Amino acid sequence: MNILLETPHGTRDFLPQEAAAKRVIENRLAKLFSEFGYEEVVTPTMEFLETLRISGGVESDLFKMFDQNNRTLALHHEMTTPIARLAVSRLKDSPLPLKLSYNTSVFRFRKNQMGRQCEFYQAGVELLGVSNAFADAEIIALAAQSLKVSGLKDFTICLGQVEFANGLMEENNLSPNVQAEIKNAIEHHNIVELQKIVDALNLDKVAADSLKQIPKLHGGLEILETARNLAKNKKSLAAIDNLAEIYKLAEIYGVADKIIFDLGIIRDFEYYTGMVFEAYAPNVGYSLAGGGRYDNMLKDFGMACPATGFALGIERILQACEMQNISNAVQTRDIYISYDEKIFDAAIKKACELRNEGKVVEISLTPQTEDDAKKSQIEKNYTELIYLK
Amino acid sequence: MEEITIALPKGKLFGLSTELLKKVGWTAEGLHEKSRKLVISNEETKLNFIITKTADVPTYVEYGAADIGIIGKDVILESGKDVYELLDLGFGKCHLMMAVPKDKKRPRLEDYAHTRVATKFPHIAEKFFVSRGMQMEYIKLNGSIELGPIVGLSESIVDIVETGTTLRENNLEEIIHIMDATARLIANRVSYRLKFDRINNLVNELEKFL
């Protein structure tokens, strides 16, 4: 194939219908975010590599290049880090909490990414400056609401708390290395591996069973009680209280029916410090959205500040909509105007008039016969034809 | 009750898997390896079985086209797929090793650096050799790996061994053990959550038979 016609690996075009479906969702999300008081920000597509590394950006996943001074730049691979940088540098005197939103493409170089390309689209919010269940509940309510306005009817938010597992591990005085191994096994639900690691620790049976149970703590409110009975330490118990509190608030928001607790969700454990969640839809094998509390990241930029937020994967939401037979593309084509040779001026005036009324109007760029005009109207899918003669 | 789709691999794990699943009532009429049907369903228990090539099982599960699957640990590792590993089923025991022609054995593993190795498992092999600080030339074959050194395609092989008969018949000798493998029950990350009760029950039931 002619190389001039190819796009680079991991990139794609959105054809008019696809772009329209994407735009509809993005517009609804932008409106929703602003209704919740979140203000949109735009950051550069590229940042210094060092900046993106702060959140544990894996170097081999980043698209990198050099600037004129040979400093390494990278395309942003998510938006939490650029927004943290922005908040610490440019908005440090703004009154807290800061509520910011974004909608942009992000870049990750991976050969094998399910349901997305190397360049993919994310919309999301960050809430900076408050560390309580109220803030977390707002984030979860907003995430649920985001999926609803995207048109999805069937979805589930699985809610976890990383401090539960952390508390259990500290309770047993596990070394940082072992803790990392265990978290890795929990995150990937490698239960075979988890059992092997725990068995090798020679803990008493109760403690060992508690650790092995973590990935299976999945269900409704009753699971919080099960979890409470597994832990004796303050940290784990506080994590459970935190989830119960978030849930109570989510009930008031009217989104509690979408929430299932899952203490096996810990996501990127280097980064999250409290509640974490992922959203799923049936028949889509990967998460549509994810987020959580990350109270330590801004400290690395020089300003200790608690934070929470989430990101939605636009392509994945589009795919889930398709799976649920939800069509968001409301591309209306109202009127096609065509005209006989001499009255192009009337045609232009008519078009302007109708467009002012908010109609979608296409005007023929050359005079046509009435038969040809009819043909064009049908070909181009316009509801109505106005033919001036 | 939610419908569950199970991916099973063709080959020696197939019979062992269906036998075990049958013990806990997870089966369907006409579930044979040679079935011409692509999807074999049990309407009553809402189960769908799909039979795929061994290496494809993790792919079906990773994408959620199958909710769960049964497959060897070696295949999971080689595929690099992000799937949940719920249970070690214990059967299908084998190990991955490196072997060379008996008469061309070199004193140390490092003496094979930069030589050619024929294998069905280039990713696991590379990971292993890199951990030993060795660079190798990997030649991906899809079967009859032991032919490699015989016809001069490679100096060594990295392959799965159960009994060692094939090695002996071809005058090959194992020089280093790389990993052990058994069959695993795997699940898609979303299915595991959205169909938790059924999948978790299955795990609990299966555990009784292991």
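Chain A splits into three pieces: domain 1 (12-152 + 281-331), domain 2 (156-258) and domain 3 (335-388), with bounds taken from an automatic or database domain assignment. This is a predicted model, where local features need pLDDT of at least 70, side-chain atom pairs count only at pLDDT 80 or more, and totals for chains, interfaces and linings use all residues. Residues are numbered from 1 along each chain as its sequence is written, while chains are lettered from A and ligands numbered from 1 in the order in which they are written.

**Domain spacing**
- Taken over C-alpha atoms, the centres of domain 2 and domain 3 of chain A sit 64 Å apart.

**The A–B contact**
- Chain A puts in 18 residues and chain B 16 residues, where contact means C-beta atoms, placed from the backbone, within 7 Å.
- On the chain A side, β7 (156-161) and α7 (191-199) are the elements giving two or more residues; helices (H or I, at least four residues) and strands (E, at least two) are DSSP runs, numbered from the N terminus.
- α7(A) has the largest share of that side, at three residues.

**Around α13 of chain A**
- Helix α13 (residues 344-356) has 13 residues and spans 18 Å from first C-alpha to last, close to the 18 Å expected at 1.5 Å a residue, that is, 1.5 Å times one less than its number of residues.
- Just after α13(A) comes G358(A), with a positive phi of about 95°.

**D340(A)**
- D340(A) lies in the loop between β13 (335-339) and α13 of chain A.
- Leaving aside neighbours within four places in sequence, D340(A) is in contact with P367(A), L388(A) and K389(A).

How values were computed: Two residues are in contact if their C-beta atoms, placed from the backbone, lie within 7 Å.
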